[in-house]
Amino acid sequence: MTIPMAAFTTCPAPWGALHIATTAHGIFAVDLGTETPHFVDDLARRLHGTVLPAEDGDVPANWRAMLDEAARQIGEFLNGRHQILEVPIDLRVSDWDRLVLTGAARLHFGETVSYGELARRIGKPGAAQAVGGAMGRNPVPILIPCHRIIGANRTLGGYGGSTYADRHAALAIKRHLLAIEGTTLRD
C-alpha cells in the first residue's frame, strides 16, 4: 500500500483539462492549463511525497469525495450554474499571500476590484504590486477568485492561474472566468 501525500483528478474546462488536487486537509491545488505529468511532478516536489490519481485504490474514500465535490462545483461554476464555491482548502502559503488571498476570497460573484483596492481593503495601501504577486501565486484559482482582481484602469491586468500558459492564453482564461460572472473588460 502506498500512502499518498495528495490525490488528483481532472475535469473538463473550456480551455482544456483542469487539474484539482487534495490532501487530507482540503483542496491543495487547482491548475488551469498544465499537462498532467508536470502538474503531478510539481505537487510531488512541493509536498515531498507521492501523488496518486483519484482512481488509485490507495486514495482514501474521503479524498475522492472531496475531489468529486470540488470538480462538481467548479464544473457548475464554469457552466454558469454555481456562484458560491465551498470546499475545504489546504492553503499552505506565506502569511502575506494568506492575507491577500483571504481578501480576494471575500469578493462576491461578479464583484471586481483593482489590485490597489484589494491592497487597501486588507490594510496595506500602496501594495498593489505585491498583491499582484500574491494573486499570481494563488494555488487554488477559481476557488479563491483571483480572476476578480483587475487593473485600476478596468483592464484585465495579469493572470497567473495557469502555470504553463503564455500571457495571452492566461488572459483568455481570466476573460472567460469574468464573462461567466457577467464582467467584460478590455486587455
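Predicted model: local features only at pLDDT ≥ 70, side-chain atom pairs only at ≥ 80, totals over all residues.

1. Overall count. The model holds 10 salt bridges, counting a Lys or Arg side-chain nitrogen within 4 Å of a carboxyl oxygen of Asp or Glu. Three of these pairs are discussed here.

2. Asp42 and Arg45. These two side chains form a salt bridge, with an N to O distance of 2.3 Å. Both residues belong to helix α1 (residues 36–47), where a spacing of 3 residues separates them by about one helical turn. Asp42 is partly exposed, at 26% relative accessibility, whereas Arg45 is exposed, at 54%.

3. Asp97 and Arg137. A salt bridge of 2.7 Å, N to O, joins the side chains of Asp97 and Arg137. Asp97 is part of helix α3 (residues 95–105) and Arg137 is in the loop between α5 (128–136) and β6 (149–150), so the pair ties together parts 40 residues apart in sequence. Asp97 has a relative accessibility of 5% and therefore counts as buried, the limit being under 20%. Arg137, at 47%, is partly exposed.

4. Glu111 and Arg121. In this salt bridge the closest N and O atoms are 3.1 Å apart. The pair links distant parts of the chain, 10 residues apart: Glu111 is in the loop between α3 and β5 (113–114), and Arg121 is in helix α4 (residues 115–121). Glu111 is partly exposed, with 21% relative accessibility, and Arg121 is partly exposed, with 43%.

Conventions
Residues numbered from 1 in each chain as written. Heavy atoms only, no water. Helix = DSSP H or I, 4+ residues; strand = E, 2+ residues; numbered from the N terminus. Buried < 20%, exposed > 50% of the residue type's maximum accessible area, 1.4 Å probe, protein only.
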